[in-house]
Amino acid sequence: MSIKKDDNWEPKILAFCCNWCTYTGADLAGLNRMKYPENVRTIRVPCSSRVNPQFILRAFQKGADGVLVCGCHPGDCHYATGNYFTRRRFMLMQRLLEYNGIDPKRFQAKWISGSEAAKFRDTVTEVSAQIKALGPNTKFVAPHYDNALQAKEGGAE
Amino acid sequence: MKQYAYYPGCSMDSTAVTYKKSFEYIASKIGLVMKEIPDWNCCGSTAAHTKNEKMAYALSARNIAIAEEELPGLDIVTPCASCYSRLKYASYVGKNDEAKRQEIEEVLRRSFKAEAEVLNFLDLFEDPEIQEAIKEKLHRNLEGLNVACYYGCLMSRPREITGETDPENPMKMDEIIELTGAKAIAWDYKTECCGASHQVDAPEHARELIDRIFRNAQANGADVIVTACPLCNMNLDMREAEINKNFGRKYNIPVFQFTELIAIAMGASAADCGIHQHFFPAFDVINEVVKTGAKKAAAEAKAEAKKDPLKDGPIVVGKAGR
Amino acid sequence: MEKILNREEGKLLADRIAKEANVALDECYQCGKCSAGCPMANSYDLMPRQIVHLMHLGDMDTVMKSKTIWLCASCHTCVERCPHDIDIPTLIEKSRMEAQKRGISAQRNVRLFNDIFMETVRGFGKSQEVILEGAYNVTSGRLLQDMANVPQMLKKDIVRPELNSVQDKEDIRRIMKECEEGGAVK
Amino acid sequence: MARIGVFICHCGTNIAATVDVEKVAEAAKSMPGVAYARDYKYMCSEPGQAMIKEAIEEHNLDRIVIGSCSPRMHETTFRKMLKGTKINPYLLEIANLREQCAWVHTDKAKATEKAINLVQMAVAKVANNKPLTTSTIPITKRALVIGGGIAGIQAALDIADAGYDVTIVEKEPTIGGHMVMLDKTFPTMDCSACISTPKMVDAGAHPNITLKTSCEVEKVDGYIGNFEVTIKEKAKYVNHDLCTGCGLCQTKCPTKVTSEFNQGMSKRSAIYIPFAQAVPSKPVIDPQACLKLTKDKCGICEKICPIGAINYQDEVKYTTEQYGAIVVATGYELVDWKQMYPEYGGGKYEDVITGLQFERLVNASGPTEGHIVRPSDGKEPKDVVIVKCVGSRDPKKGKTYCSRACCMYSAKHAHQILDKIPNSRVYIFYMDVRTPGKGYEEFYDNTRKDGAQYIRGRVSKIYKEGSKLIVKGEDSLIGRPVTVEADMVILATAMEAAPGVEEVVSKLGISMDKDRWVQEAHPKLRPVETQSAGIFLCGTCQGPKDIPDTVSQAGAAASKVIGILNHDEMETSPMISHVDQTKCAGCGYCVECCPYKAISLVEVPGRDGNRKVTKTVAQVNEGLCQGCGCCTATCRTGCIDLRGFTNDQILKEVDALCL
Amino acid sequence: MAGLTEAQVQDRIREEAKKALASGEVSAVVGWTSTRFEDKTKPYFAETEAECDLLVWNKYCINGTGKFALDDRYPEKKIAIIARGCDSRALNRMLRDKQLKRENLYIIGVVCDGKENAVCEGCQHKNPLTYDVLIGEPVEEQMNAERFKEIEAFEKLTPDQRYEYWAKQYDKCIHCYACRNACPACNCVECYADQYRTGWQGKAADREQNQVYGLTRAFHVGDRCIECGECERVCPMNLPIMRQTKKMLKDINDLFGDYECGLPDDAMPVLGTYKLEDPDEFM
């Protein structure tokens, strides 16, 4: 599948961030006026373990180009153990998606603490660059979004 | 009785006379047959792994490979702590490092499966069948003899190689020696190094290691020291007199192989196990114990005989040859 | 000629040795338990603890020139008691091989003895205690060492004049040669 | 159709400089469900809030979105604002236009586009919000303290002094713990018993404190404000209501066993009061030692007791009580060094003792009446070696951590030996000397001036030759091996969490760290709290520490407890999980993943066709649930959901983001 | 079959089935009966002793019997299940998932040497793992060295090849949910896919919806899959469904150590628990 790349194309990247670490870290990045690409949107969840792997499938289906799940470092979870479950779930999820043809860069998980504003900036900047390099996601996308995509692309394939 | 592949090692064929004799005595009495590995070679000892790691593994592995080929399914037994250590290393590497195993196989031009278990003599004598057979053949009680069991380093360390669970205080030899009625004393130099590997090339540094072992054995009331290795044995036995002279000591602690005491308890004569071939006079100590034991046994037998006149007469202790 | 490694090379060499020995040099906190329990420590110029520290610093030059690496008896008491399970005997053994490669030996006799030992193995496939002792005494110049015991040995029939050897001597020679050419195990 | 109001804040120029706020407000007007949208300078200001309230009335709004700073900043502000309106405070969503948009971007067009999208997401989410109400739970104004060492005693006294009932549960027959075993305390050298026994007496006599000695926690149910705790009282075989503590029984008891209190260095009778100042000062019978209980012989104590308090038929008793808060103060034990260090003799030399044994030796009320003598032959030692870090800082054989108190008590031991035994010599083998505490470094200085020899190196081997203990170490400062021929060796053994802490922790539903210490909620900011609300900790159950730190932690835990008990009831967050029991299959995976034990399987009546059946389904305890939502992603059916962050809400957010 | 012939096993099955029904505690015995085709059997509920004689045992007994235990979630009497290794694992699965109560089951275990069913080739549990009565001598179990061979081969394809492959497969899917209905790990009261209001899953049987269904199902059952192959066997469109769940199992084995489900000591499924020392790739 070849995708014609449009220079103005901006990916849609979704970042699930836990309220206590990564969302705080993202706020801190703002407080420090750090800069990162506009194409990342966060969804606040209480804990990374709240993120149902089905949300990821939904995001791809609806046309997201990349998904990021972020939480506290293992051992630092506000709820003690949540991110240990996150770790297992998404290590397997990432592999399953890759197995089904989705580039592992399109779905990533990262531990970012409340103090790691720079890590938040660096992570989203890097992910954004990676997704941009990969181009729009065409896999798993529901048809009517596919049309929209083609319109935006000026026709794929 | 279970069969074993036998790797005697170079010393067993030369200096370890008493070890060889006493072991052969025991083996013949209990019907233990050892299958010597055909055309075995030197394990490489300390020198090989000082110079070249691959050579060290290869020289030892050759013996294991031959045993696996010619004597399939048998555990390999060696009387020497140094050989044991080297063979066990080779076997450990073969079992745990596939790349190295293949490399060794390549240089050997033989199949080296590293499946055969490598055992030392203490492991061998732990075989319940052998222990039972020895118990059946015991003729003398060495009660009253205080024995310091000396294991040395290579039999117990490193623990991942030897599988010893308590390298600070191993008990295998103590348990075996107590079969004879002798007492295995608690002492603190069981596994301290005797410096055998440096007694020739750096004696000025290594002699004091021997002195410390005797000193601790003496402090803890040992009558004799017992070893399970030709090198430890020769190192301690051959140099005891020299230590006494040069360090101003008065140690009178003969050094035996553990097999010698077992053989004696089984009724061997002094000649049977080469008591006269010790460097340091060993006859008197053992003779004393044997005599006391015999007297006691005679007295007991007499008392027993009174109760039951049909019982056999007292056991006659073989006259020591020398 | 001795080749002296400079510090940076030393660090690379030390790190390689540590990696091969599966040792994390930075775990050592210099408690000294290794040196305290070492039977040969009285004779060392460097304590085992210091060997680890020097390797961590990358000063392999000092390590390779030390007597310690030749005098270690490989008894493994240090690693048995080490709180961090640092395999000092293997660090020392590998340092010694490196020193040997570079022709450095602070304890000539230890090296000599090992060489002679291996040559008897090459010659006969088995070690020969008599030849070994004799050849060593001659080459080391310590003619009388342990000789006091010789008459007793002969008298008591402890050593015999005949030599033991393997049948397939060629096999042993070939193995040794190939190992020497191939260098250390990867 | 919802009537959503969207309010875009300029935040002065903080947002407005990078985001075209008018454009965002304009765009919001066409979003589905939006009935009203506008922008304003400062939404959080009083006029801003008044403006929103007016708009709600005027445009009949039923839920609102505010595009402003981070919800972590003003979500509570706006929720409070909504309390005065017809809109439920939880029908509010905040789009983070400041920290995560305006401040991190420079391109105004792109930032505006993103801001619109963020508002879109918030609108999509809020349309699916449900009104939530906070509920309140009543608080039982009583506290339970588990452990009667100095930490537990101090915490109990502080809570009791504030006017609340406290129960101390102690598994031993007396309170007092380790502190009462000690002789002197560093660095002031005041007598440990003299300062701790008055506190024990206070605790015993306090009208608000109930002592439950020889007791253990059997079961804990409930949650903050409403714990239901079952306490198991071991059989004491002595009726403490009758017993006057005369002590006649223990003088006549023929059976002697080793004394735990004196660390095995003296004997006690089978019926015993652990030590003279014990609280309660009444005996118990040791069922393993008593001849009557083991062999049905003897019975002397029963015959001799003047008031008939002995009861050989005594049994384990269970009582269940209610508490509002719990303090864990289960303390420490010394590690079993004998298993760890065969090279130190593994316990075969009597004269190799632990620091705690030395405390008993040097204590005037101890087995030797304070004379420092060798346990083996009763002779006074002249050369004493102290070995530090035995079991501490030893990843292979012991614990990785530093036990914190040993450097100081070892210095104290050295000082005491040099002080009490003329011409004695003390050698201290150490790796580092750690003296961070008020007056500690000065104390260490003085010990060195007293003549203690500090030798830097870990001891490799201790063994006996003749009557001497040979200690082999390295003086790593000179780089040579050294040997000391000692008469006695004192090992400064590591502390570890008391045995049985595992059971306490699992009954309470709190956690332990990798070293078995009870885990605090946050190492810096919530040091005496646990992960479970209403359960606090203090003292050495949390990690090794000395007496001053223990006592201050106990005070801190007590003040946290008082803070809870001060209220009659407390509000709970409504953003917690709930189960749709009609769909729940009762597999119980949510139960297993909940860090708060907030979910349990219950049996409810249900129907299977026309038949009435009992179904097993999950149920969330609202007092325990903290709203993490881990359970929701474990549930395959999706029948357990998190209020405020429902599957529906998040899916709608995802959809809106991808538009 | 060690010791017993096929016919003998069949006799023993009938005998045990009758015994079970005769006890009065059992409402039905689930096994197999013959059909009008010689090479086909079908699942059968024997409810009377006479019906027990219709139970058969031959190499065509391929249907899983375990899942039938769930037909009645609230039984008034016990149900007897004739269980091969795989069926016993299915029962263990549902017991671990608390969907069945052991006291409601009477398990007649039968040692099985494989049926005319592809999945039997790699079978690691020919002996029933849980049973009340056992028919046949237990045989030595074989580890299947090639358990994940197919998965490994598939992993070697390029991402686009893999996507194309799955896209083609899912294009065939008709959303019939037979895989779900046959799967012993799919034991929810109401499947997520049926919850149209929450909208996890679109109703349409188009490629993308099918893909979401396929992946979600793989994730839902992946850590609890007993590898019985029922999903694939019942699929009318011949989708290689096991290829997804086995991928999950392979990764679980790689990441968290040796792992198999449906064993009697069945531990918590991998996704329902954690270890502090789990590998971490998200640093």
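**Strand β5 (residues 146–149) and strand β7 (residues 224–227) of chain B run parallel and are joined by 3 bridges.** The model is predicted, and local features therefore require pLDDT of at least 70, side-chain atom pairs count only at pLDDT 80 or more, and totals for chains, interfaces and linings use all residues. Residues are numbered from 1 along each chain as its sequence is written, while chains are lettered from A and ligands numbered from 1 in the order in which they are written. Helices (H or I, at least four residues) and strands (E, at least two) are DSSP runs numbered from the N terminus, and two strands pair if DSSP finds at least two bridges between them. Within the pair, Ala148(B) stands opposite Ile225(B) of β7(B). Both strands belong to an open sheet of 4 strands in chain B, ordered β6-β5-β7-β8 with parallel pairing. Its edges are formed by β6 (183–184) and β8 (255–257) of chain B, each of which pairs on one side only. Helix α11 (residues 230–247) of chain B packs on this sheet, where α11 touches β7 and β8 of chain B and makes about 155 degrees with the direction of β8(B). Such angles run from 0 to 180 degrees between N-to-C directions, and axes are lines fitted to C-alpha atoms, for helices over the stretch in contact.

**Chain B is divided into domain 1 (4–122) and domain 2 (140–293).** These bounds come from an automatic or database domain assignment. The C-alpha centres of domain 1 and domain 2 of chain B are 24 Å apart. Across the boundary, 26 residues of domain 1 of chain B are in contact with 28 residues of domain 2 of chain B; contact requires that the C-beta atoms, placed from the backbone, lie within 7 Å. On the side of domain 1 of chain B that touches domain 2 of chain B, at least two residues each are supplied by α1 (17–30), α4 (81–96) and α6 (121–126) of chain B. The most is given by α1(B), with 9 residues. By class, this side of domain 1 of chain B has 15 nonpolar, 8 polar and 3 charged residues. Ala, Val, Leu, Ile, Met, Phe, Trp, Tyr, Cys and Pro count as nonpolar, Asp, Glu, Lys and Arg as charged, and the others, Gly among them, as polar.

**Chains B and C share the most contacts of the 6 pairs of chains in contact.** In this interface, 50 residues of chain B are in contact with 51 residues of chain C. The side of chain B that touches chain C receives at least two residues from each of α2 (45–51), α3 (53–70), α5 (98–108) and α10 (203–219) of chain B. That side of chain B comprises 22 nonpolar, 15 polar and 13 charged residues. Chain A, by contrast, does not touch chain B, the nearest C-alpha atoms of the two being 29 Å apart. Chain A does not touch chain C either, with nearest C-alpha atoms 23 Å apart.

**Chain C contains 11 helices and 0 strands.** The C-alpha atoms of chain C fill a box of roughly 55 × 35 × 30 Å along the principal axes. The domain assignment of chain C gives domain 1 (7–101) and domain 2 (108–180). The C-alpha centres of these two domains of chain C lie 29 Å apart.

**Helix α3 (residues 48–57) and helix α7 (residues 88–101) of chain C cross at roughly 65 degrees, their axes coming within 11 Å.** The crossing of α3(C) with α7(C) is left-handed, a term for a near helix turned anticlockwise from the far one by less than a right angle, right-handed being clockwise. Pro48(C), Ile51(C), Val52(C) and Met55(C) of α3(C) make the contact with Ile88(C), Leu91(C) and Ile92(C) of α7(C). This contact between α3(C) and α7(C) has 7 nonpolar, no polar and no charged residues.

**An open sheet of 3 strands in chain D has the order β11-β12-β17, with antiparallel pairing.** The edge strands β11 (215–223) and β17 (317–323) of chain D each pair on one side only. From one strand to the next, the twist averages 20 degrees. Strand β12 (residues 226–233) of chain D runs antiparallel to β17(D), and 7 bridges join the two. Glu228(D) has Gln322(D) as its bridge partner in β17(D).

**Chain E meets chain D through 19 residues of chain E in contact with 21 residues of chain D.** The side of chain E that touches chain D divides into 7 nonpolar, 8 polar and 4 charged residues.
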